[in-house]
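Please consider the structure shown below.

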Amino acid sequence: MHPVYSHIKENLLPLYPAEEASALARWILTDVFSLSPTELYTGKDINFQPKDWDRLEDILTRLRNHEPIQYILGTCSFCGLEFQVAPGVLIPRPETAELVDWIVSDHRASLSADILDIGTGSGCIAISLAHHLKGATVSAWDISSEALRIARQNAERNQVRVSFTRTDILQPEVPDMQADIIVSNPPYITEKEREEMERNVLDWEPEQALFVPDNDPLLFYRAIARHGLHMLRPQGRIYFEINRAYGKETTDLLMRLGYKQVELKKDFYGNDRMIKAIKP
């Protein structure tokens, strides 16, 4: 293994598990310093200049401060696309990519569809759907001006058209529109779950996009589903990423509001993570 790899890993091991430290070392050397996997594993000599060592030490310092590597590098991959990320938006997760895959699989044969992504953040869901469902017209809402700025840049980066609007979905009045699909990965982590979370999430990712009150964990699902009754066309579908602890409660909420064919789906870790329902 490359000696710089060992240097990175040794610097991170006091704070990161061995597997994560190894993954970060590979990520830094391949993404930042452009080593191929062969060069990494054969230990090919790299002509590191002083500026390269300065760059590496800056990255290590930030990692030791628990800053996510995605924020340090400024980008991450999601659904085969590259996205800009910064502390104003959540870092896209693999579980969210599973939600996108579910929607694409359901609607791949559709010639057209009006899609609304609520709480778009980096725009990863909306932009990925616009990329993979060529006939779709995609709109995206978020309450954060900073998130919308980043999302617009990501749409340009990935050469897709998405209409972005600053909207607070918790308000009784929202922009008037009709949609065939509503999708959302809203805040769903309860305050009592804070103590279980890693510092790289708590210290860096936006709280507004993460947390809901302990006494109302379905706050956003209720608001979105109620608006959906007016915005969705007949037989329109609503898709959510959910808190794994509230699968039954979210299912019951949608059924009480009149949605049909409510389907709860597990992620690749075996947790209740996605839900789909149809407006009658």
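**Helix packing, cores and a strand residue**

In this predicted model, helix H1 (residues 3–12) packs against helix H2 (residues 18–32) at an angle of about 135 degrees, and their axes lie 9 Å apart. Angles over 145 degrees count as roughly antiparallel and those from 65 to 115 as roughly perpendicular; H1 and H2 are therefore oblique to each other. Their crossing is right-handed. On the H1 side, the contact is formed by Val 4, Tyr 5, Ile 8, Lys 9 and Leu 12, which meet Ala 18, Ala 21, Ser 22, Leu 24, Ala 25, Arg 26, Ile 28 and Leu 29 of H2. Sorted by class, the residues of this contact are 10 nonpolar, 1 polar and 2 charged.

H1 also packs against helix H4 (residues 50–64), where the two axes come within 10 Å and cross at roughly 25 degrees. Because angles under 35 degrees count as roughly parallel, H1 and H4 are described as roughly parallel to each other. H1 passes H4 in a right-handed crossing. Here Val 4, His 7, Ile 8, Asn 11 and Leu 12 of H1 meet Trp 53, Leu 56, Glu 57, Leu 60, Leu 63 and Arg 64 of H4. This contact comprises 7 nonpolar, 2 polar and 2 charged residues.

The discussion now turns to the nonpolar cores. The largest nonpolar core has 32 residues, of which Leu 99, Ile 115, Leu 129, Val 162 and Val 183 touch the most other members. At least two residues of this core come from each of strand E2 (81–84), helix H6 (94–107), strand E3 (113–118), helix H7 (124–132), strand E4 (136–142), helix H8 (145–157), strand E5 (162–166) and strand E6 (179–184). Leaving aside residues up to four places away in sequence, Ile 115 touches Leu 129, Leu 133, Ala 136, Thr 137, Val 138, Ser 139, Ile 181 and Val 183. A second, separate core of 30 residues includes Ile 169, Ala 225, Ile 238 and Leu 254.

Is Pro 234 buried or exposed? Its relative accessibility is 64%, and since the cut-off for exposed is over 50%, Pro 234 counts as exposed. Not counting residues up to four places away in sequence, Pro 234 touches Lys 279 and Pro 280. Pro 234 and Ala 179 are separated by 55 residues in sequence, and their C-alpha atoms are 9.6 Å apart in space.

Note on methods. Residues are numbered from 1 along each chain as its sequence is written. This is a predicted model: local features need pLDDT of at least 70, side-chain atom pairs count only at pLDDT 80 or more; totals for chains, interfaces and linings use all residues. Side-chain values use heavy atoms; hydrogens and water are left out. Buried means under 20% relative accessible area, exposed over 50%, partly exposed in between (1.4 Å probe, protein chains only). Contact means heavy atoms within 4.5 Å. Axes are lines fitted to C-alpha atoms, for helices over the stretch in contact, and angles run from 0 to 180 degrees between N-to-C directions. Helices (H or I, at least four residues) and strands (E, at least two) are DSSP runs, numbered from the N terminus. A crossing is left-handed if the near helix is turned anticlockwise from the far one by less than a right angle, and right-handed if clockwise. Ala, Val, Leu, Ile, Met, Phe, Trp, Tyr, Cys and Pro count as nonpolar, Asp, Glu, Lys and Arg as charged, and the others, Gly among them, as polar. A nonpolar core is a set of buried Ala, Val, Leu, Ile, Met, Phe, Trp, Tyr and Cys residues joined through side-chain atoms within 4.5 Å.
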